[in-house]
Amino acid sequence: MSTIGSDYFDDERNKLGEYEGDRNEAGERHGDGKAVLPSGDVYEGRYENGQRHGQGTYRFKNGARYVGAYQQNMKHGQGTFYYPDGSKYEGSWVEDLRQGHGVYTYSNRDTYDGEWLHHIRHGQGVYLHHETGSKYKGLWVNGKMASAGEFIHSNHRYQGNFVYNNPCGPGKYVFDIGCEQHGEYQQTEQDRAEGEWGELASTAVLKWIPKCITGLTPTPWTPGKDISGGEKETAQAEEGAEI
């Protein structure tokens, strides 16, 4: 293989930008090289038969940067993407999409550590809120908290089912002082101001319906199942807790 500058490929330079690096016998970019694309983006890394393939660094004109593996011109494998707003994704890529396990650090310093599918949070994962220290640990479906999970705070946690980021149905609050409050989240209609035609408009709001307080359950708890284990207290909860 030889190193040939872009001066020898005027037609290619006009279409694909300037290139300095190795080529194969067919004249294709092959091996180590550096390309300045017509858009102003810059790629430096491995090529195979004219395509980005292997380890490389792609710097975007807008300040973004990708460092990692390529396959046939697409981000594929392990890599880190630095976004212009200061956020960062480090993990697995499949055909230019975040897919598999990865850690996303957002511009507000929140983090998500878990599974991805087609560029969105999907599967098991943990989302940590940097400002409050609270975090959600559980299942994600199409970017939303869904099914069984727990929301963990500084002195208590909520365990239950989630639907579209909101708690739904039976659940419990576990407090560090050594007790649990069992209950259920229900949607209730709340009246609002009159609409255009004089009728009252309403909106659904979540309401926590407490049922009882018990001692800590020694065995794993599953949403929707009867309370088992631990000493039950007969006292009924007078006030709910909020996530």
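Trainee: What does C168 count as at 37% relative accessibility?

Mentor: Partly exposed. Buried means under 20% relative accessible area, exposed over 50%, and partly exposed in between (1.4 Å probe, protein chains only). C179, at 16%, is buried. Bear in mind that this is a predicted model, where local features need pLDDT of at least 70 and side-chain atom pairs count only at pLDDT 80 or more, while totals for chains, interfaces and linings use all residues. Residues are numbered from 1 along each chain as its sequence is written, and side-chain values use heavy atoms, leaving out hydrogens and water.

Trainee: How many disulfides does the structure hold?

Mentor: You'd want two cysteine sulfur atoms within 2.5 Å; here the count is 0.

Trainee: Which side chain makes a polar contact with the side chain of K172?

Mentor: Look for N or O atoms within 3.5 Å, one able to donate a hydrogen and the other to accept it. For K172 the partner is E180, at 3.1 Å. K172 is in strand β15, residues 166-175, and is buried at 2%.

Trainee: And how many aromatic pairs turn up in the whole structure?

Mentor: There are 31. Take Y58 and F60: their centres are 4.5 Å apart with 45° between the planes, a tilted pair. Y58 is buried at 7%, whereas F60 is partly exposed at 26%.

Trainee: Which ring does the charged end of R52 sit over?

Mentor: For Arg, check that CZ is within 6 Å of the ring centre and within 35 degrees of the ring normal. R52 sits over Y43, 5.6 Å from the ring centre, and R98 lies over the face of Y89 at 5.8 Å.

Notes:
Helices (H or I, at least four residues) and strands (E, at least two) are DSSP runs, numbered from the N terminus. Rings of Phe, Tyr and Trp (its six-membered ring) pair if their centres lie within 6.5 Å; planes under 30 degrees apart count as stacked, over 60 as edge-to-face and the rest as tilted.
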